[in-house]
Amino acid sequence: MDAILNALCCLMALGTSMFLWRRPVSIFKETGILALSLVVFGLFSYLTMDLAEPTLEYMPFRMLALCICFSTTSLTSHKTRYLVLSQVLWLWVEFFGGLTFVYHGLDMPWTRIVAIGAGAFGGAFLSHISREMEFLLMVYWIAVWMFF
Amino acid sequence: MYRILVYIGAALLLLGAFAFGVSLWEGPTAWHTDVRTFWGIPISLFVLWIGLAHAGTLISAIFLALGYPLGRRTSMVAELSTLCSLAVAALFPLVHLGIIENFYMVVPFLDARGNFSNLRSPLVWDFCCISVYGLVSLLFFATHLFSEKFPDLKKLIRPMAWLLFPLVLWVHTIVSLDFAVTFVPQWRGAFFPLYFIAGAIYSGLALVIILLTAEHCRVRVLEKLMLGLSWFMAFFWLWEFLLKGSFSFEVVFLGAVVPQLMWLRVIRENAFGRLLVAFSVLVSLGLERYILVTPSEYNAAEYFSWTDLGLVSFSLGLFTTLFFVFRAKFSSLLEGEDVVMGEIVLQQDESDKESEKVSLPEKNDFSILRLPLLLGVLVTLLYVVWAISVENTNLAPLSVVNVVPLCLPLLVLVASFTLCARPLWGISGKRVKVVCAVLAGILGCLAGAFWAGGSSDVPSGAVSVQEIDSTKTAEFIWSSRCAGCHGQDGKFNEKFVREFYPLPQKLTPVRLDTLGEDSLVKVILDGRVNMNPYRGRVSEDEARGLVRYMRHLAGEGE
């Protein structure tokens with residue numbers, strides 16, 4: 001996948017994350033936005049990528065995980081907890097997706113997995129997350145997506 | 001009310017019992033299979049009931065861990081449904097085996113002679129993860145149930161919920177890998193873990209809504225969640241269509257369209273309306289699991305035999321009977337004559353309990369969990385080091401990828417038992433302690449027996465020396481009888497090794513010489529730990545010819 005498509009994926013994840021967890025928070029609103037985001041990511045993947053490529057079959061879910069990671073920076077309470085949980089979700093998607101590829105003869109994306117794992121582990125020790133730290137985290141996630 | 005439901009359950013159970021018996025007797029020919037559909041209705045029902053078993057943990061543990069506990073009745077109903085669903089689900093892999101007397105083959109036991117469970121197979125992960133999930137769920141249920149009588153147990157509930165939270169997601173992820181790691185085109189899916197988890201939670205919510213309706217109560221947050229999940233499931237079905245072109249109108253209509261009726265006040269405020277929607281979701285998910293498990297080019301459901309339907313009836317009947325018998329009878333025995341399980345503190349409307357907060361401070365969770373977690377991590381590390389370093393001629397090389405799936409279940413098992421052992425021991429009576437000690441002893445003996453394996457001594461006696469000379473004949477028998485597992489060239493059938501358990505033997509000259517020809521002939525004819533006997537299908541001379549052919553193959557491999 002080329003750099004422009006990767007950048008577009010990040011941009012879309014960032015864009016949809018802006019609508020999540022805005023007050024008043026409700027089950028319908030949040031699940032609705034998440035489901036709608038998935039539809040957008042799915043259609044985007046279908047229209048712009050060659051889905052015959054096995055590594056793209058979980059693309060919308062990777063984008064959703066990234067979107068949820070971005071969205072945690074706008075939380076007002078329990079930010080550290082959900083920051084870690086969202087990265088664990090991303091790690092989950094990548095690890096088990098990668099595991100199925102290993103059984104089909106492809107390589108495990110270890111660098112990406114270790115990078116996300118490191119982010120989740122490091123995030124657990126953040127007692128206070130400032131605006132600057134939020135920005136740094138977002139840059140880190142984009143870098144993981146783009147380069148690994 | 002419970003009595004009527006028990007009668008309904010018993011009627012369904014009796015209707016299906018005959019089909020269950022026939023399935024055990026006849027094996028896989030009893031239900032619908034074809035060239036492509038080698039996993040029929042038993043595995044579909046297994047996947048469905050395992051999915052339903054996740055409701056309890058979702059509703060009780062995950063909500064509790066995140067600080068949004070539900071009412072006690074809701075939690076207990078959900079947790080009990082988990083245990084009953086697990087009991088139902090556990091039966092179907094045994095039915096699927098076809099050879100019920102070889103039931104132990106689903107257990108990944110070790111063997112002193114070198115037979116080793118195939119840790120590369122998701123089926124082995126499956127067994128371990130589901131067993132751990134069952135044990136920890138039982139422990140969680142018991143802790144929750146007795147916490148009203150023994151307030152000391154209350155402080156364990158939330159730490160236990162934190163342990164179960166990842167486990168429940170992990171278990172269904174592993175179930176999804178049974179499919180996703182294979183080469184079947186319809187099961188191609190790196191997204192299957194999320195798909196299965198969403199489906200499990202969706203069906204589990206529907207089940208809990210039905211059970212709560214039978215209790216004459218409702219929890220609105222669960223209905224909202226079910227409706228929200230219907231949108232996610234709709235996307236998963238859309239993605240399946242975009243990726244593979246597979247689409248089922250019935251599944252989408254019942255699972256994604258009908259639930260939208262909950263937007264109508266007249267439906268959601270009416271018990272029958274809620275039941276209609278919840279049943280629709282269950283039927284949809286049941287159908288979806290069947291279509292997924294049986295990837296035929298035609299509609300396999302049209303070829304349902306009476307046995308298939310009987311097994312469905314059996315599973316429904318067994319669950320209903322188990323659940324409501326326990327609910328109506330045993331619960332009062334557990335908590336006293338006047339109360340029914342879960343009703344000790346329940347005096348108010350369940351629907352108002354969504355926002356109730358637990359009194360335990362969050363920091364307590366970690367301080368209570370610290371030591372058990374540390375122990376769990378240590379044991380898990382030991383397991384990883386041992387599994388990767390173990391040297392065994394029959395073992396396909398293991399990598400981190402093969403070992404990681406069992407790490408979390410092992411960690412949670414050790415941590416949860418360490419967490420609960422002392423408080424539960426403290427409140428147990430003498431009789432319970434003796435029973436526990438005896439059970440632990442029996443478990444230890446069983447583990448030892450599994451480790452040691454059975455005897456493979458060759459009995460003394462006359463052995464026919466008549467031989468068959470034709471290598472061609474031996475090659476023909478090898479291709480038809482042995483190559484399926486051992487591979488055409490004797491170096492494993494790679495697909496078998498990747499997907500199934502147990503792992504076949506490696507044919508090396510050293511191993512063949514060690515075992516000796518007579519011993520190998522006996523293994524072929526009478527079977528051994530994981531190998532079925534071929535006496536009656538292969539003559540003694542043919543077996544001897546096969547052993548010679550094995551030597552020939554092993555020699556070629558050198």
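**Entry 1: a helix pair in chain A**

Is the crossing in which α1(A) passes α2(A) left-handed or right-handed? I found it to be right-handed. A reminder to myself before going on: this is a predicted model.

I then looked up the geometry behind that crossing. Helix α1 of chain A covers residues 3-17 and helix α2 of chain A covers residues 27-48; their axes lie 11 Å apart, at an angle of about 165 degrees. Angles over 145 degrees count as roughly antiparallel, so I call α1(A) and α2(A) roughly antiparallel to each other.

Next I listed who touches whom. From α1(A) come L5(A), L8(A), C9(A), M12(A), A13(A) and T16(A), and they meet I33(A), S37(A), V40(A), F41(A), F44(A) and T48(A) of α2(A). I sorted the residues of this contact into nine nonpolar, three polar and no charged.

**Entry 2: another pair in chain A**

I turned to helix α3 (residues 59-72) and helix α6 (residues 131-147) of chain A, whose axes come within 10 Å and cross at roughly 165 degrees. α3(A) and α6(A) are therefore roughly antiparallel to each other, and the crossing is right-handed.

On the α3(A) side I noted M59(A), R62(A), M63(A), L66(A), C69(A), F70(A) and T72(A). Their partners in α6(A) are M138(A), W141(A), I142(A) and W145(A). The contact of α3(A) with α6(A) divides into nine nonpolar residues, one polar and one charged.

K79(A) pairs with E134(A), and their closest N and O atoms are 2.3 Å apart. K79(A) belongs to helix α4 (residues 79-102) of chain A and E134(A) to helix α6 of chain A, so this pair links distant parts of the chain, 55 residues apart.

**Entry 3: over to chain B**

Here I picked helix α5 (residues 122-146) and helix α15 (residues 407-427) of chain B, which pack at about 25 degrees with axes 10 Å apart. That makes α5(B) and α15(B) roughly parallel, therefore, and their crossing is left-handed.

α5(B) brings C129(B), V132(B), L135(B), V136(B), L139(B) and T143(B) to the contact. α15(B) answers with P409(B), V412(B), L413(B), S416(B), F417(B), C420(B) and L424(B). My tally for the contact of α5(B) with α15(B) is eleven nonpolar, two polar and no charged residues.

**Entry 4: where the chains meet**

How many residues of chain B are in contact with chain A? I get 43, against 39 residues of chain A. Between them the two chains bury about 3500 Å², with 79% of it on carbon and sulfur atoms. In chain B, the residues that lose the most area to chain A are A190(B), F232(B) and F235(B), together 18% of what that side buries.

Last, I looked for charge pairs across the interface. The count between chain B and chain A is one salt bridge, and E57(A) and R188(B) meet through their side chains in a salt bridge at 2.6 Å, N to O. For the whole structure, over all chains, I noted 15 salt bridges.

Key: Residues are numbered from 1 along each chain as its sequence is written. Chains are lettered from A and ligands numbered from 1 in the order in which they are written. This is a predicted model: local features need pLDDT of at least 70, side-chain atom pairs count only at pLDDT 80 or more; totals for chains, interfaces and linings use all residues. Side-chain values use heavy atoms; hydrogens and water are left out. Axes are lines fitted to C-alpha atoms, for helices over the stretch in contact, and angles run from 0 to 180 degrees between N-to-C directions. Helices (H or I, at least four residues) and strands (E, at least two) are DSSP runs, numbered from the N terminus. Angles under 35 degrees count as roughly parallel, over 145 as roughly antiparallel, 65 to 115 as roughly perpendicular and the rest as oblique. A crossing is left-handed if the near helix is turned anticlockwise from the far one by less than a right angle, and right-handed if clockwise. Contact means heavy atoms within 4.5 Å. Ala, Val, Leu, Ile, Met, Phe, Trp, Tyr, Cys and Pro count as nonpolar, Asp, Glu, Lys and Arg as charged, and the others, Gly among them, as polar. Buried area is the accessible area (1.4 Å probe) that two parts lose on being put together, summed over both. A salt bridge is a side-chain nitrogen of Lys or Arg within 4 Å of a carboxyl oxygen of Asp or Glu.
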